[in-house]
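Dear colleague,

I am passing the structure on to you below, and my notes on it follow. Please read them with the coordinates open beside you.

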Amino acid sequence: MTQKGRPLLEVDGLVMRYQTKKGEVSAIENVSFTLHQGESLGLVGESGCGKTSIAMSLMGLAADNARYHAGQIRLDGENLLALDENAMRKRRWKSISMVFQGAMNSWNPVYKVGDQIREAIDLHFNPRLSEAASKDRMVRLFEMVGLNPTMLGRYPHEFSGGMRQRAVIAMALSCDPKLIIADEPTTALDVIVQDQILKELKKIQDQLGMSLIYISHDIAVIAEVTDTIGVMYAGKLVEYGSTLEVFQRPRHPYAYLLLSSTPSITGPRRKLAPLEGEPPNLLDPPTGCRFHPRCPFATDKCVVDEPPLEDLGGGHKVACWHWDKVPVTIGASA
Amino acid sequence: MLKYVGKRLIQGLLLLALFLALLYLLLEAQPGDITQQLIANPQLPPEAQTMLRERLGLDQPLLGRTFNYVVNFFQGDLGLSFTQYPNTVGQLILERLPRTITLFLTATLLSYYLGFSLGKIMAWKRGRSFETALTLGGVAGYTVFYPWFAILMLWLFGFALNWFPLGKFIDVQEWTGAAVTANQLFIQLLVTAFIASFAVLAIHIVSRRLSSEDLGGRVRSIGTPLVIVAYVLFWWFNPNRVLVGDLLHHTALPVITLSMVNFAGVMLLTRSSMLETLREDYILTARAKGLSERSIRDDHAARNALLPVVTSLVLALSFVIGGGILTEGIFSWPGLGQMLLNATLLEDLPLATGTLGIIGILALTGHIIADVVYMYLDPRIRTSQ
Amino acid sequence: MADILTAPPVQPGEAPESILQEPLWKIRLRLTRRSIAANWKLFVSHKIGLIGLGVIGVFAVMAISHPILMSTVWDPAVYHPVTGYHAVKVDKLVVDVVNDPTTEVDLTTAQIQSNPFIEVGDTLSIPQQPAPPSLGVRAGIDRNGVEVSASHILGTDPLGRDVLSQLLYSTRAAFFLGMIAAVVTVFIATAIGSISAYFGGWIDTVLMRFADLILLVPLLPVLIVVSALFQISLPLLGLLIGLLGGFGGTAIILKSQALQVSVKPFIDAARIAGGGHAHLIFRHIVPNVLPLSFLYMMFTVTDAIALEATLSFLGLLSIPMSWGIMINVAQSQGYFLSGTDYWWLLIPAGLAVSLLAASFFLVGRAMDEVVNPRLRQR
């Protein structure tokens, strides 16, 4: 968060719920954050905490049964939620592109990888790029992500997992988006490839100066690529701040427990504190603070009153009544 | 790719030989051997009996006789028909083969084209009442008792509405004094249709090779209708126009009826295949790329949903052939199926088994074509060959 | 793998008897009951399956009702589906020129049918076939020429036989045939599939190539030719359909299922525990393949019903009465295009074949959602 550009993405009081037969499932509860140009934000939390719902809302691809009850998603000041499907379609990939969870299957098996990238380029460049220009662009993209450009003429099944993921990143970059959302892009890969790709992603992001939202359940991975971290629990943003701050001095008990349950190789030896209990049932979320059933610091107040997202200074925000009781973790670095 | 096709062809020939061998064993297994009656004729002197025995290959062991039968079949010698002597089975089959192939091919293409187009829309519009109605109609069409359905179709369109003739191949009155026979004209019709489709295919291949995609598209969109118009005009100004019209008029209802029933199965299958494809991750990617609904549906989802549908062609062949035989029988449309039925009812065994053998070859050919088409459509198989 | 009719494999050798608090059969029974209950719940969540089951139930009642009706209210001389005869008499006016054939008859015909002295204006009682449906009491003559009265809810066929009686009788035949075909298919396909998957190697190759061949050959023309060579009765037809169905597609599908089971750890465990080939196949692989084979049993029944009706319709089978024969009779007696005029000749039988085949198909589709692991994970 050293040099701030103008605000690129502003999510403001977003509330989204899924309409199901059993009732409303609360997926995103009053989430707000701002992302500046060139900045990277990590969203971390357990599965089902609403991170992917946020990503899908940003893309305008939330499931059919999703209902927005409040809030705005502004990209360059324009409210995306107010756009119709046609207008939104023009923004996709051009303004915001995405690297998906399980990118292994992101490729259509019957088309060549190059043709699938070209499809996006043909659609979003106005005037249309000439055949040679788009070919040239794809070659540069492939070189950027460390792939041999001859692979453009190959089919997805001829790529290894790591190569497919690199190609997905190349495709995400193909239309010069202002923002890339990466949703658990490395989960299915082995650790070494995972690390290579993370570094590659970080490098490209710095190089091209675009913004990045990185979504993962693994806080260590997030710390490696992002400037800012948002910790989500049960559809709410419970802690938000610079990566360094949150990582070294987590103030929310959930963030604290998440970090304590992650072993650190470089930091001092410490006992791992497991996170106990089950994620809440979002059909009927707990009252007050949603974390209270699993929280070691919970009091009666937590059961009744919902803590607001409070600024502790320096942009470090936390939603907890007892943030001052959370111990200070020392030296947990990635 | 050629290697793969070659491999499939050799496999197919082996399977065919095995099928013919089994067919012959079936003939041998029947109670009351017909050849025995010929030989055991007391009026024949013993030398003649031996000669006959040798000629029929009856002195050989079972394996040799089976081998003989298979070899003869491959050489095109299918024996003599009992009921239509002196016609050989080969001649009779050859006369009717083009008709049956036309019926099977048109019905298959029509039902697959329509079934696939409708099935993909059904999956796309899941949950609408139109989808429910089509699904119910599809199940009804798929499970309806086919001969009964065909009779009702014939009654409705041939009798009650009087749109189509009541079966048969031609209207004899129209053809009295005609310079050509129905079969000649039918073959002409087929050959010209073949040339026209070849022209369309050529246009497509050439236009894809063109440097500019726009020019290619224009060549396609002008060339294809041009060929079709030329084809129609050619027959319109043909001196035998009325006769051709009569042929087509008689062929229409059998083709429509057979297509309708096959269509239901294809539609249901496409729907479920498409529903599975729509859940795939690459569909989400396609959406995220900002592609139009139409492009997502047709280029991405339907293109993949097509694969299991092509595989199903192998299973559907049996269905098409069975349905085709019944259609020919019910509409008295003189193809191989009708001949098989008549031969069976008259116990003309050489004709019946010969026809069955040819139908087996048709099934096998369809099978191999479906395999090759699948290979062409699925790069995962194509590139591994 | 979910089982419909079998409990998950709990084997006597796998757990020491001493730690079991209750007899093994009780545990098995409970597990079976629980698994049936769970699967039933899944099954009934699909409406199509329930509809299919309901229709099958109706047909089952029809099948059972025939022998009961024959032994109570129906006189076999009139109502027997094959040999019964009842000519309904209709009074017609003798006229010179017939305007309405249902109420009038021309003089020549009348003279031939009764006596040469009949005159225009007289009324003549003429036996009418096929007789239209009636609920009331209709006078007529049975095959012995005795005057009887009877009602035919679905009319009579062109030979004076009661259509309803034929319909009910044929239902029984259809169930009988379907059952034979299904049992044979399941038996063969499960055996071939399990053996092929378990042993692999050349056994697998030979069996699967053979299955390919059977799959390739179109069933209907083969059966048509076979029927020219041999007399085919109903049980034989069931056997044939079962054999061909079981050796072909079903065997291939069950083999791939058995293959998935045969690599599971519990197979290895049982093998290490000293289980022989037969034990492994019958106690472990077969129970896991069975649910899927019951599913294909439903589709076999659909095929069997349609095939029997088709072959009967073509007049190629030697069986006394079936839905296909009913249509065959109507057609061969010239009521081919009777359409709505003689609807009772074509509609009930055709509808019965279609409905019963469809309902087994629907039950199969619903079962598919229950036992097919691929569909189930949704």
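Two residues are taken to be in contact if their C-beta atoms, placed from the backbone, lie within 7 Å. Residues are numbered from 1 along each chain as its sequence is written, while chains are lettered from A and ligands numbered from 1 in the order in which they are written. Please keep in mind that this is a predicted model, in which local features need pLDDT of at least 70 and side-chain atom pairs count only at pLDDT 80 or more, whereas totals for chains, interfaces and linings use all residues.

I begin with the pairing of chains A and B, where 23 residues of chain A are in contact with 17 residues of chain B. Helices here (H or I, at least four residues) and strands (E, at least two) are DSSP runs, numbered from the N terminus. On the side of chain A that touches chain B, helix 2 (85-91) and helix 3 (113-124) of chain A each supply at least two residues, and the largest share, 4 residues, comes from helix 3 of chain A.

Of the 2 pairs of chains in contact, chains B and C share the most contacts; here 38 residues of chain B are in contact with 35 residues of chain C. The elements giving two or more residues to this side of chain B are helices 1 (2-29), 6 (129-143), 7 (146-160), 13 (293-330), 14 (336-345) and 15 (349-377) of chain B, and helix 15 of chain B gives the most, with 9 residues. Chain A and chain C, by contrast, do not touch, and their nearest C-alpha atoms are 14 Å apart.

Chain B itself has 16 helices and 0 strands, and its C-alpha atoms fill a box of roughly 90 × 55 × 45 Å, taken along the principal axes. Of its 385 residues, 37% count as buried, a residue being buried if 20 or more other C-beta atoms lie within 10 Å of its own, exposed if 12 or fewer, and partly exposed in between, with C-beta atoms placed from the backbone.

Helix 6 of chain B deserves a separate look. In this helix B:Leu134, B:Gly138, B:Gly141, B:Tyr142 and B:Thr143 are buried, and what covers the buried residues includes helix 5 (89-124) and helix 11 (241-278) of chain B together with helix 11 (277-313) and helix 13 (343-371) of chain C.

With best regards
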